[in-house]
Amino acid sequence: MPLRLSALLLLALSLFACHAAEPARSGSATLDLSIAPETRARAAEILEVARAREPGLTQELQALAIREQVRLHGLQHRLKTQKSLARKIQTYLVQGKAASLSEVVINDSLRYTFLIEEEPPGHYNQVARTILSTLESSGYRVIQVKNYWPRGDSYAGLNCVLLFSDGFPWELQFHTMGSLVAKQEGHELYKTMRLPTTGRRERRRIFDRLTERWNWVLIPEGILVPLSVHSTEVLKKYSRP
């Protein structure tokens, strides 16, 4: 599918999704977190580092997109907001994922998404592999590639964590048109499902609904072959709550 036509299709489907998506139930959509001043300060520090690195990284990725004839999607969201970052840090602390602020590691304060068409078959796999290899040649270190393409759960795509030379992490996702549209359609439901305030029965209902939608997304050719994208690649599936 030509890239311009794909962009128009994405816009149309996204507008439809905004009207079709089920609204979050009252009382379950917001996690009541008290954000401590030191948490806000830590979020500001992380964001300052991310902002300093963003222009150069964005330029590199834009050049890669042109070279590989793919699209960088959602560039307006490449930097996490300070409010969102502070909330994520506080959530990690509340859920026991980190014992202190100094132990909290946020991989997506700076995040990007490549949109790659699966045309011809195998193109998505080959381009994702090429992009990661090129980034490594440029001095970035790929430390994690989570391959969520196996069928039967509430998400699909490649989610990667890379490091700058000084160890600062950033996130890179790879999607097809189909997986990106499914992700956008289910975004609000997915956020509700992850909240601690959402009961197990409701989480299961949402998980099953999202899984049904994702089962319609075409799996790119060759993407389920172990280590076909990168040596750190791990096939992953979300478990039913």
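Biologist: How many helices and strands are there in the protein?

Modeller: There are 7 helices and 6 strands. Helices (H or I, at least four residues) and strands (E, at least two) are DSSP runs, numbered from the N terminus. This is a predicted model, in which local features need pLDDT of at least 70, side-chain atom pairs count only at pLDDT 80 or more, and totals for chains, interfaces and linings use all residues. Residues are numbered from 1 along each chain as its sequence is written, and side-chain values use heavy atoms, with hydrogens and water left out.

Biologist: What is the average pLDDT of the protein?

Modeller: The pLDDT, the predictor's confidence in each residue from 0 to 100, averages 87, and 86% of the residues score at least 70. Over residues 1-32, however, the pLDDT is below 50. Where pLDDT is low, the predicted coordinates should not be read in detail.

Biologist: Why is Q69 called exposed?

Modeller: Exposed means over 50% relative accessible area, buried under 20%, and partly exposed in between (1.4 Å probe, protein chains only). Q69 has 68% relative accessibility and therefore counts as exposed. Q69 is found in the loop between α2 (37-68) and β1 (71-73), and has a positive phi of about 55° although it is not a glycine.

Biologist: Why does L227 count as exposed?

Modeller: The relative accessibility of L227 is 52%, so this residue counts as exposed. L227 lies in the loop between α7 (200-214) and β6 (233-235), with a positive phi near 60°. Most residues other than glycine have a negative phi, and most peptide bonds are trans.

Biologist: Which peptide bond is cis?

Modeller: A cis bond joins E119 and P120, with omega about 5°. P120 is found in the loop between β2 and α4.

Biologist: How do you know that E118 has no salt bridge?

Modeller: A salt bridge is a side-chain nitrogen of Lys or Arg within 4 Å of a carboxyl oxygen of Asp or Glu. Lys and Arg count as positive and Asp and Glu as negative, while His and the chain ends are not counted. The nearest side chain of opposite charge to the buried E118 is R129, 10 Å away.

Biologist: What does the side chain of E118 reach at 3.1 Å?

Modeller: The side chain of E118 reaches the backbone nitrogen of Y124 at that distance. The backbone nitrogen of H123 lies 3.4 Å from a polar atom of the E118 side chain. E118 itself is placed in the loop between β2 (111-115) and α4 (123-137).

Note on methods. A polar contact is a pair of N or O atoms within 3.5 Å; within protein, one must be able to donate a hydrogen and the other to accept it, and residues adjacent in sequence count only if both atoms are side-chain atoms. Contact means heavy atoms within 4.5 Å.
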